Amino acid sequence: MIRDDKELAAMRERVATFERMLEELRKTARPEEWQDLSSGYRLEIERMQREILDYLVRPASGAKRASAG
Amino acid sequence: MPARLRRAVAQGVSLEPHPHLSSLWFVLRYLSEVLPALNSNGDLPPGIHRANWNEVEQRFGSGSKARTVDVVLIMTRDFRIEDCSSESRALFSHLQAEARYGASVFWAREGTLPRDFMQAWQVKRDGSLRGILEVG
């Protein structure tokens, strides 16, 4: 679980790294193996993206409530 | 070593290197005892630590806490997945390997690895670094 904006930035960087891995690996992978080879990287990226969204939809800890006027 | 993977070994699944296995990395988390000593986060110190199969079996084969394990298989250039037995083939399908052995298995072929491939496995989700284990 992402706890703060610093970890959010780290997670985003990790997603980008795994996407670059996939991008490089697909250049040389054989078509008949690509589904198996890519599946782990895809799942890891999806897990990280889910964690990012879970963090972003939580209220920010320092956010103030809007006053009713 | 996850309990299901340990049971599979007990039932005869060999952990001996596959003839097309070039090298293999374990990314171990939440271990109770490993060499070198774990840091305060329960990780290996940053870097790639080499071990042989006997050391892995002795350290992780039994008697330690359940944990999650990422396994990275680096196969030789001439590896062909379609030549694998059905039992071995499960290792190369992430979901099947996770269901059958309780480990997250990633794989690639030597000579095709991105430049920062092994560095990437040393970065934890919070951005800090951990060590990984090379078995060979």
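1. Start with the largest nonpolar core, which has 18 residues; Val71(B), Val72(B), Leu73(B), Ile74(B), Met75(B), Val105(B) and Trp107(B) touch the most other members. A nonpolar core here is a set of buried Ala, Val, Leu, Ile, Met, Phe, Trp, Tyr and Cys residues joined through C-beta atoms within 7 Å. At least two residues of this core come from each of α1 (5-28) of chain A and β3 (69-75), α4 (94-101) and β4 (104-109) of chain B. The most comes from β3(B), with six residues. As background, nonpolar side chains in soluble globular proteins tend to be buried together.

2. A word on what you're looking at: this is a predicted model, where local features need pLDDT of at least 70 and side-chain atom pairs count only at pLDDT 80 or more, while totals for chains, interfaces and linings use all residues. Residues are numbered from 1 along each chain as its sequence is written, with chains lettered from A and ligands numbered from 1 in the order in which they are written.

3. Next, β3(B), where six of the seven residues are buried. Buried means that 20 or more other C-beta atoms lie within 10 Å of a residue's own, exposed means 12 or fewer, and partly exposed is in between, with C-beta atoms placed from the backbone. Helices (H or I, at least four residues) and strands (E, at least two) are DSSP runs, numbered from the N terminus. β3(B) runs parallel to β4(B), and six bridges join them; strands count as paired if DSSP finds at least two bridges between them.

4. Trp107(B) is worth a look. In β4(B), Trp107(B) is the bridge partner of Leu73(B). Leaving out residues up to four places away in sequence, Trp107(B) touches Val72(B), Leu73(B), Met75(B) and Phe92(B), plus Leu37(A) from chain A. Contact means C-beta atoms, placed from the backbone, within 7 Å.

5. Now for α4(B). Its buried residues are His94(B), Ala97(B) and Tyr101(B). Seen down the axis of α4(B), they fall within an arc of 70°, so they line one face of the helix; the arc is that of the directions from the helix axis to the C-beta atoms. After α4(B) comes Gly102(B), with a positive phi near 70°.

6. How many residues does each chain bring to the contact? Chain B gives 19 residues and chain A gives 18. On the side of chain B that touches chain A, α4, β4 and α5 (117-120) each supply at least two residues, and β4(B) has the largest share, five residues. By class, that side of chain B has eleven nonpolar, five polar and three charged residues. Ala, Val, Leu, Ile, Met, Phe, Trp, Tyr, Cys and Pro count as nonpolar, Asp, Glu, Lys and Arg as charged, and the others, Gly among them, as polar.

7. Chain A has two helices and zero strands, and 10% of its 69 residues count as buried. Take Met48(A), which sits in helix α2 (residues 31-56). Met48(A) is partly exposed because 19 other C-beta atoms lie within 10 Å. Not counting residues up to four places away in sequence, Met48(A) touches Met11(A), Arg14(A) and Val15(A).

8. Back in chain B, Ala51(B) belongs to strand β2 (residues 47-51). Is Ala51(B) buried or partly exposed? With 18 other C-beta atoms within 10 Å, Ala51(B) is partly exposed. Ala51(B) and Leu133(B) are 82 residues apart in sequence, yet 6.8 Å apart in space, C-alpha to C-alpha.

Technical notes:
Two residues are in contact if their C-beta atoms, placed from the backbone, lie within 7 Å.
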